[in-house]
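Here is a short briefing on one protein model. Start with a single side chain, then widen the view.

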Amino acid sequence: MLKVSIVVPVYNAGRYIDMCAPSLLHQTLGEDAYEVIYVDDGSTDDSAQRLDELAGRHAHVRVIHQENSGWPGKPRNVGVREARGEYVQFVDQDDELTPAALEHLHRLATRNGSDIVLGKVIGTMQGPSNVFKRTVECCTVEDAPLIESLTPHKMFRREFLLAHDLRFPEGPVRLEDQLFMVRAYLRAKTVSILADHPCYVWKRRDDGGNTSSRGTTPEDYYGHLRTVVEAIKQDTRPGPLQDHLLRRSYRVELLRPVGEPGVLKRSGKNLERYFDVVRRMALEAYPPGVRDGLPALTRLRAHLLEEGHLDSLVELARRTRGIKPEVTVDDIRWRDGKLHVTTTIGMRRADGEPLALVERYGRMLLDPDLLAGIEGAEGWEAPHPLGHAHGELLVHDTAQDLWWYPDADLTPRTQPLGGGRHRVVLTGETAIDPLTLAGGRPMEPGTHVVWASAQLLGVGRRARVTRSDAAPGGTGTGVGSGRGPGLGIGGGIGIGGGVAGGLGFGSVSVGTPPHLVIPAWGGPADQLRLSVRPPGRDTLPHRILLRTTSAPHIRRAARTVLHRLPPDVRRRAKKLARRADPWSGG
């Protein structure tokens with residue numbers, strides 16, 4: 001038996017077949033250990049010819065042609081039925097696998113007898129996800145945040161799928177991925193998460209042709225969402241687990257058209273139509289425990305929705321849109337070969353004042369100044385303000401577009417502001433270990449920038465970690481006048497509102513062979529970043545490369561240009577880029 005079958009549904013993929021194929025054909029697992037099954041769903045362009053030519057050149061490629069079914073569900077089901085592998089990996093026609101993806105995923109799967117394995121997802125359709133914060137050998141939907149990952153780009157034990165008759169709905173069914181995944185999660189005895197290696201490259205097509213981008217009506221979309229909700233209710237008992245699983249769709253899909261930015265992009269009859277559809281579903285499909293478990297501001301949106309206050313939802317969205325994160329670096333220093341960064345993370349309203357709680361008669365009320373004049377929001381209580389507060393620092397490898405999660409100990413607490421007012425903040429220390437940050441491996445040469453992510457009172461934001469905080473009333477971070485390549489070199493660093501630091505430090509050398517790790521403030525808004533390079537390679541071109549690779553708009557423009565080049569020109573351009581950057585390892 002083969003180890004893995006890759007199943008790829010195809011419809012009018014054209015040139016994307018040639019862009020995706022190399023990543024599937026040359027996996028390190030070995031061509032004799034896996035197969036690629038393309039299921040052509042009645043393409044009307046030259047896709048069928050392209051696929052047949054691939055199969056003619058590669059013995060481990062098979063092509064199945066069928067009449068058009070209108071959606072990826074039937075092609076995937078056909079692929080599972082025809083597969084000869086112990087495991088099945090689903091890949092969409094315009095995405096890619098990293099070279100060792102199958103090898104890493106299959107090793108984890110066989111080590112644990114996994115029914116499902118989630119591989120770390122990267123690419124232009126995927127930002128950082130804490131589902132992939134750490135590798136998890138064994139878990140289930142009851143003890144891991146699996147419900148936050150509902151795309152089918154995963155590896156499944158084929159016998160598990162067959163034994164439980166797990167199939168995708170066929171035909172033009174919206175959210176068919178979600179329906180398949182919730183049914184699979186609820187039946188899986190062992191799920192594994194591979195976070196140490198990027199596996200799946202989920203790409204946004206430059207022609208806007210991703211399946212998920214196809215238009216739909218609210219009645220159609222939310223009708224299919226009801227099917228997903230009913231599947232969860234059918235396979236679980238009423239109670240905490242069911243509420244937890246349903247809370248994801250309530251928060252993500254149901255509240256999306258009545259929260260920012262969605263509710264501010266529609267108006268008139270179009271907005272009222274969406275509002276009526278989601279309100280009816282909120283009242284009919286979700287038990288009260290789903291809403292009761294939401295954080296304060298999200299629960300307020302649910303309340304306004306169910307009470308019929310559309311104008312209040314619009315006004316609330318206008319005000320919350322201006323809430324911004326405030327990240328203060330309280331301390332930063334090398335210790336035991338790790339960069340220890342102590343931070344405080346809070347939120348500020350658009351007027352610069354902290355997003356606050358007000359204590360009245362033993363109750364904690366959500367910021368009355370934020371909610372003043374919003375019908376239905378008066379005296380809104382936040383009974384468990386710390387219960388939903390969480391966050392972390394993230395390190396972004398800009399060259400590979402990879403996000404890593406260093407070890408962090410951030411604790412939520414309330415911070416008195418005076419006059420019965422408080423704010424919720426996250427405080428604590430994050431230890432960035434250059435030797436183990438990249439999934440247990442040393443950081444790759446290049447530029448790595450540091451971000452903060454936080455969820456406080458139902459407001460989620462990601463922000464740059466910078467050396468100064470210009471928010472009114474903020475403590476800020478003072479910096480010495482030195483101009484060396486590292487933080488504080490030649491001038492010390494002032495911490496926490498101008499308290500003189502004496503914390504001057506520069507680069508460290510780590511690993512074998514040794515690599516220099518140089519912390520610096522740079523790029524947009526003087527963001528904290530770590531430059532990793534072999535010793536003695538600090539030339540002017542390298543410094544220019546470090547600065548440009550940390551600039552998001554330059555990276556986006558370069559990716560756009562590369563994607564539009566013919567494949568042979570694109571390969572030559574990448575080869576030249578590698579030659580120009582001796583840190584990349586060729």
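Phe 180 is buried, with a relative accessible area of 2%. The model is predicted, and its mean pLDDT is 87.

**Aromatic contacts**
- The protein has eight aromatic pairs.
- In one of them, Phe 168 and Phe 180 are stacked, with 3.9 Å centre to centre and 10° between the planes.
- This pair links distant parts of the chain, with its members twelve residues apart.
- Phe 168 lies in the loop between H5 and H6, while Phe 180 belongs to helix H6.
- Phe 168 counts as buried because its relative accessibility is 3%, under the 20% cut-off.
- Phe 180, at 2%, is buried as well.
- Phe 168 and Phe 180 also belong to one aromatic cluster, together with Phe 90 and Phe 156.

**Charges over rings**
- The charged end of Arg 15 sits over the ring of Tyr 16, and the distance to the ring centre is 4.8 Å.
- Arg 266 lies over the face of Tyr 274, 3.8 Å from the ring centre.

**Helix H3 and its cover**
- Helix H3 spans residues 73-82 and is mostly covered.
- Seven of its ten residues are buried.
- These are Gly 73, Pro 75, Arg 76, Asn 77, Val 78, Gly 79 and Val 80.
- Their cover includes four strands: S1 (2-10), S2 (34-41), S3 (61-66) and S4 (85-90).
- Helices H5 (158-163) and H6 (176-187) are also among the covering elements.

**Whole protein**
- There are 17 helices and 22 strands.
- The protein has 586 residues, and 54% of them count as buried.
- Of the contacts between residues at least 6 apart in sequence, 71% join residues at least 24 apart.

**Confidence**
- A pLDDT of 70 or more is reached by 85% of the residues.
- Residues 469-505 stay under 50 in pLDDT.
- For that stretch, the model has 82 contacts beyond four places in sequence.
- Residues 578-586 also have pLDDT below 50.
- This second stretch has 13 contacts in the model beyond near neighbours in sequence.

Key
Residues are numbered from 1 along each chain as its sequence is written. This is a predicted model: local features need pLDDT of at least 70, side-chain atom pairs count only at pLDDT 80 or more; totals for chains, interfaces and linings use all residues. Side-chain values use heavy atoms; hydrogens and water are left out. Helices (H or I, at least four residues) and strands (E, at least two) are DSSP runs, numbered from the N terminus. Buried means under 20% relative accessible area, exposed over 50%, partly exposed in between (1.4 Å probe, protein chains only). Contact means heavy atoms within 4.5 Å. Rings of Phe, Tyr and Trp (its six-membered ring) pair if their centres lie within 6.5 Å; planes under 30 degrees apart count as stacked, over 60 as edge-to-face and the rest as tilted. A charge sits over a ring if NZ of Lys or CZ of Arg is within 6 Å of the ring centre and within 35 degrees of the ring normal. pLDDT is the predictor's confidence in each residue, from 0 to 100.
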